[in-house]
Amino acid sequence: MSRSAAAGAAADDAGGVPDARDHGLDPASDDNAAAFAAAVAATPAGGTLKVPSGRYVTGPVFLKAGITLWLTDGAEIAGKADRTGWPQLPARDGSGRVIGTWEGLPETSFAAVLTAIDCSGLKITGRGTIDGGGDRGDWWSWPKETRDGARRPRTLFLAHSPDVELSGFTVRNSPSWTVHPFRCDRLTAAALFIENPHDSPNTDGLDPESCEDVLLAGLHFSVGDDCIAVKAGKRAPGQEDHLAPTRRLEIVQCHMERGHGAVVLGSEMSGEITDVTIRACSFDGTDRGLRIKTRRGRGGKVARVTLDHVAMTDVPTPFAANAFYFCDPDGHDDWVQARTPAPVDATTPVIEDVTFRDVTATGVTLAVVALLGLPEQPIRGIRLERVRASFDRDAQPGVPLMAAGVAPACRETIRADFAEVTGDVEIFETTKDPEPC
């Protein structure tokens, strides 16, 4: 019996689950993209494609609707090092829909190692690994540039794909943002491990952008940028038709460690980010806990956000909200950073209705709460309910917010400029005589 026939018989014995090796998948190959394409094409809607144990180097793999990709224990899909001939996603397709995106704007981008466009009902599951290959090739050497006419790829990119389920696997070593769902409603991601080197540039963990009804449960992050970064597009002159909201996002029982921010809303938030619940999570050593960032020119709003029953350890600033975030080339310009009131119009961003409830933060160094709103549009409706914190006795001064003219902080409780706060923070000291800042 031939290997193919034997594998087919084994698949039949296993309940009819096709094996990607039957289509040429080979650990010895330096590019398995064609084998993956054949295997995906042969998997019927409602069927499962098994990736067996082994390391499979590949260029981008394009998935399709209604199938399950099963990454078995020991299976690894690994992005190849050479980007010669790497497929690109256009900024827009023939109908004008946004396909390629970069930091909230339509832009041509390299395809992800796993790319899913119009993949309704897709499931990716199992205990295997997707390795984006960020440490191979030159991806990390040009984080903000365009090369060969395109931006850096994600590791897993999903667009216009409702009812997707992601579970069980590890995603690591991403060239840029790691898992990026764009316009994917009713998304569920559970029990994922998302890992990138801590010095890898702009390697956010999971970035839901313009998605509604999303559940992120039991995820573990250790990345080179923000752990969960919630987006809703970025307004630019003459570019607004791509904006759409992120709404009804639940983040539950997730663990974030060492990223820049644990849960970050913005700065691309022009389509609005609303109704976000972060519950029963732990943040360990992230630069900030909950972080909201925007600036003049963005418009949109961040509203109805609740942080409930969250424990933070060694997070310098547990809650930071900043309406003067100095992103983009003009971020330091006077019109962005001036503290005098500007006219309020459709490009004025809004931050309101944020609740911290039953939150404990130990080892704070800078400020428990640091808020900087716009004088023409102050931050409103910030509520602190049963918030407890302790300070690091060896704390050194540092700047809690990325905005011009922000003074250093050290063991501050609440710093609020152009912001309305109700409630307070209970401070319990781990030592009676901390060192002076």
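Ser210 lies in the loop that runs between strand 18 (193–195) and strand 19 (212–217), where helices (H or I, at least four residues) and strands (E, at least two) are DSSP runs numbered from the N terminus. The model is a predicted one, in which local features need pLDDT of at least 70 and side-chain atom pairs count only at pLDDT 80 or more, while totals for chains, interfaces and linings use all residues. Residues are numbered from 1 along each chain as its sequence is written, and side-chain values use heavy atoms, with hydrogens and water left out.

Ser210 has a positive phi of about 55° although it is not a glycine. Most residues other than glycine have a negative phi, and most peptide bonds are trans. Gln253, in the loop between strand 22 (246–252) and strand 23 (255–257), also has a positive phi of about 55° without being a glycine. Are these two residues buried or exposed? Ser210 is buried, with a relative accessible area of 3%, whereas Gln253 is exposed, with a relative accessible area of 58%; here buried means under 20% relative accessible area, exposed over 50%, and partly exposed in between, with a 1.4 Å probe and protein chains only.

Another loop, between strand 24 (261–266) and strand 25 (273–279), holds Ser267. The peptide bond that joins Gly266 and Ser267 is cis, with omega at about 0°.

An open sheet of four strands has the order 3-10-13-16, with parallel pairing. Strand 3 (61–62) and strand 16 (179–182) stand at its edges with a single partner strand each, so one side of each has no neighbour in the sheet. Two strands pair if DSSP finds at least two bridges between them, and strand 10 (residues 114–117) pairs with strand 13 (residues 156–159) in the parallel sense over four bridges. Within this sheet, Ile117 stands opposite Ala159 in strand 13.

Finally, the view widens to the whole chain. Its secondary structure comes to three helices and 34 strands. The radius of gyration, taken over C-alpha atoms, is 23 Å, close to the 22 Å that the globule rule (2.2 Å times the number of residues to the power 0.38) gives for 437 residues, so the protein chain is as compact as a globular protein of that length. Buried residues make up 55% of the 437 residues. Among contacts (heavy atoms within 4.5 Å) between residues at least 6 apart in sequence, 75% join residues at least 24 apart.
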